[in-house]
Amino acid sequence: LKLFCDDVMQLMIDTGRALTIVTTTKTVAASGADYTSVREALKSCTDANYYNRYIINVANGTYNEIDIFVPSTSRVGYDPNMIQIVGESRAGVIIRTDGTSTDLSPADYQFGDYSGIAINTIPLSNRHTFWMQGSLTLKNLTVHSNDVHYLIHTDSYNWTSYCKYENVTFIHEENTNHAYSVVGYGQSLDQYAEYINCSFEYRTTLLTANYAWGVYWHNILNG
């Protein structure tokens with residue numbers, strides 16, 4: 001009911017606006033597409049909103065990414081369908097972060113001041129595949145990363161969001177530090193997450209790792 005009311009409020013914000021939803025499609029592939037990086041494709045969707053939506057179609061392949069940043073969403077009309085990242089096939093599209101890599105982090109790294117440095121020197125608590133502030137749908141793909149804090153990281157009380165994960169395989173491998181979790185979610189008011197037909201797997205060779213969570217869920221005050 002709440003989400004329905006939010007949608008109605010969005011439609012009433014500007015009575016002079018034509019109530020037309022426009023969807024733009026972008027593509028990601030190793031070659032022959034709009035982008036070769038999921039992160040860069042997502043960064044290009046700067047004007048996404050209730051009326052202006054994006055679908056990012058990702059071709060089969062392995063994409064080495066880190067700090068895929070989903071910016072915060074306005075209070076009214078937030079909707080996971082404003083931006084959708086859709087894989088060609090669940091097993092064929094693999095988004096991966098190697099936390100032991102000596103490759104340099106992006107120049108616009110969002111989670112802390114760790115831009116342009118070796119990925120393996122970023123503190124574990126700041127290494128992740130996705131950094132979620134806003135609303136997004138992630139669908140029909142695999143996120144398989146190693147030696148990161150979380151594959152999906154959401155943790156703040158300063159934004160509203162609704163993230164939907166559908167037909168996604170999450171695999172977290174840890175062989176240097178025991179992070180305990182696959183997905184980390186510090187929930188606050190007006191933050192929602194929905195998982196549909198997803199699987200969570202935690203792999204480790206560490207003898208001290210005698211437990212793990214698929215989703216580590218806490219409120220923002222008692223992390």
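Author: The questions below take the labels one at a time, in a model that is predicted.

Reader: Why is Ile85 called buried?

Author: The label needs a relative accessible area under 20%. Ile85 has 0%, so Ile85 is buried.

Reader: Where is Ile85 found?

Author: In strand S5, which covers residues 83–87.

Reader: What makes S5 "mostly covered"?

Author: Five of its five residues are buried. Ile83, Ile85 and Gly87 point one way from the strand. Gln84 and Val86 point the other way. Residues on both of these sides are buried.

Reader: Which residues is Ile85 in contact with, once its neighbours within four places in sequence are left aside?

Author: Contact requires heavy atoms within 4.5 Å. Val38, Ile56, Val58, Phe130, Leu136, Thr137, Leu138, Lys139 and Leu141 meet that test, so they are listed as contacts of Ile85. As for Tyr165, it is 80 residues from Ile85 along the chain, and their C-alpha atoms are separated by 9.8 Å.

Reader: How do you know that S2 and S5 pair?

Author: Pairing takes at least two bridges. Strand S2 (residues 52–58) and S5 have five, in the parallel sense, so they count as paired. Within S5, Ile83 has Tyr54 standing opposite.

Reader: What joins S5 to S8?

Author: Three bridges do, and the two strands run parallel. Strand S8 spans residues 136–146. The cut-off is at least two bridges, so this pair qualifies as well. Thr137 in S8 is the bridge partner of Gln84.

Reader: What makes a nonpolar core, and which residues touch the most other members of the largest one?

Author: Its members are buried residues of nonpolar kinds, joined through side-chain atoms within 4.5 Å. The largest core has 32 residues. Ile56, Ile85, Phe130 and Phe170 touch the most other members. A second, separate core has eight residues, including Ile66, Tyr109, Ile122 and Trp159.

Reader: What does Ile56 touch, not counting residues up to four places away in sequence?

Author: Among them are Val28, Ala41, Leu42, Cys45, Ile83 and Ile85. Lys26 and Gln84 are also on the list.

Reader: Which strands form the open sheet, and in what order?

Author: Five strands form it, in the order S4-S7-S9-S11-S14, with parallel pairing. Strand S4 (68–70) and strand S14 (213–219) stand at the edges. Each has a single partner strand, so one side of each is left without a neighbour in the sheet. The twist averages 15° from one strand to the next.

Reader: How do you know that S4 and S7 pair?

Author: Three bridges link S4 with strand S7 (residues 128–132) in the parallel sense. At least two are needed, so the pair passes. Val70 stands opposite Met132 in S7.

Reader: Why does Asn140 count as buried?

Author: Its relative accessibility is 18%. The cut-off is under 20%, so Asn140 counts as buried.

Reader: Is Asn197 buried or exposed?

Author: Exposed means over 50%. Asn197 has a relative accessible area of 55%, so Asn197 is exposed. Asn197 lies in the loop between strand S12 (191–196) and strand S13 (199–204). The phi of Asn197 is positive, near 55°, in a residue other than glycine.

Conventions: Residues are numbered from 1 along each chain as its sequence is written. This is a predicted model: local features need pLDDT of at least 70, side-chain atom pairs count only at pLDDT 80 or more; totals for chains, interfaces and linings use all residues. Side-chain values use heavy atoms; hydrogens and water are left out. Helices (H or I, at least four residues) and strands (E, at least two) are DSSP runs, numbered from the N terminus. Buried means under 20% relative accessible area, exposed over 50%, partly exposed in between (1.4 Å probe, protein chains only). Axes are lines fitted to C-alpha atoms, for helices over the stretch in contact, and angles run from 0 to 180 degrees between N-to-C directions.
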